[in-house]
Amino acid sequence: MTKTNEISNTKQLSLEQREELFRALKARFEKNMHRHEGFEWDKIQAKLEANTEKLWSLNEMEKTGGEPDVVGHDKEKDEYIFYDCSAESPKGRRSLCYDREALESRKKHKPENNAIDMATDMGIELLTEEQYRALQKLENFDMKTSSWVLTPSEIRELGGAIFCDRRYDTVFVYHNGAESYYAARGFRGLLKV
C-alpha cells in the first residue's frame, strides 16, 4: 500500500460512525429549520453519502464540538454549505494561535496547534468576517467566547490576526498578535459538500 492510499484510508468512517453522524446531523437539521428553510434532509444526506471524504471532515467538526449544520446552498455549484453552529466557539478547537508562522514565533508556552493548520487537517476552511457576520444573523453565537476568522494578508503580514465575537447584541471584530492564544478563543469552520 502506498503512502497516499494510507492517508486516504484514514479519512474513511466506519458504517457505525457514519450512522451516528447522520443521526446527529439529521436531528440538528430538524431542530434548527430556521437555518435552512426549504431544504430537504434526504437530498443533503445523498450528497454526503456520495462524498465520503467530506463526511469525514464533518465528523471532525462534530468531534471537536462544532455542531455543524447546513446554512446555505450554492445553486451554481450545487454545494450545501455547513458552518459550525455550536453556541460558543468549538471546545475542541480553542487555545490555538492563528497560524504556523505565529506558532513557530513563540519562544515559550506554545499552544498545541494553530487554527489554520488544524482547519486544513480537518479539511475545512475558517470563516471569513463576512461569513461570520452572516452566521450571526441566524442566531446569537460566541456570547462568552471568540473565534479567529480568516485574516486579510495585509493584516497578517504586519503580525496581526482578527477574531470576532458577539457582545452587547453586536458583532465585534478585533485584532491581536497572531501568536496570541486564549482558552476562550477558537475558530469556526465551513465545509462545502
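Buried means under 20% relative accessible area, exposed means over 50%, and partly exposed lies in between (1.4 Å probe, protein chains only). This is a predicted model: local features need pLDDT of at least 70, side-chain atom pairs count only at pLDDT 80 or more, and totals for chains, interfaces and linings use all residues. Residues are numbered from 1 along each chain as its sequence is written, and side-chain values use heavy atoms, with hydrogens and water left out.

Start with the rings. A pair of aromatic rings is described by the distance of the centres and the angle of the planes. Rings of Phe, Tyr and Trp (its six-membered ring) pair if their centres lie within 6.5 Å; planes under 30 degrees apart count as stacked, over 60 as edge-to-face and the rest as tilted. The structure holds 6 aromatic pairs.

Take F29 and W41. Their ring centres are 5.5 Å apart and their planes stand at 50°, so this pair is tilted. F29 belongs to helix α2 (residues 15-31) and W41 to helix α3 (residues 41-49), so the pair ties together parts that are 12 residues apart in sequence. Helices (H or I, at least four residues) and strands (E, at least two) are DSSP runs, numbered from the N terminus. F29 is buried, at 3% relative accessibility. W41 is buried too, at 6%.

Now move to F163 and Y174. This aromatic pair is stacked, with 5.1 Å centre to centre and 20° between the planes. F163 lies in strand β5 (residues 160-167) and Y174 in strand β6 (residues 170-177), so the pair ties together parts that are 11 residues apart in sequence. F163 is buried, with a relative accessible area of 8%. Y174 is partly exposed, at 31%.

Both rings belong to one aromatic cluster, formed by Y98, W148, F163, F172 and Y174. A charge joins the picture here. It sits over a ring if NZ of Lys or CZ of Arg is within 6 Å of the ring centre and within 35 degrees of the ring normal. The charged end of R185 sits over the ring of F163, 3.4 Å from its centre. R185 also lies over the face of W148, at 4.7 Å from the ring centre.

Last, the backbone. D142 is not a glycine, yet its phi is positive, about 55°. D142 sits in the loop between α7 (129-138) and β4 (146-148). At 0% relative accessibility, D142 counts as buried. D169, also a residue other than glycine, has a positive phi near 55°. D169 is in the loop between β5 and β6. D169 counts as exposed, at 61% relative accessibility.
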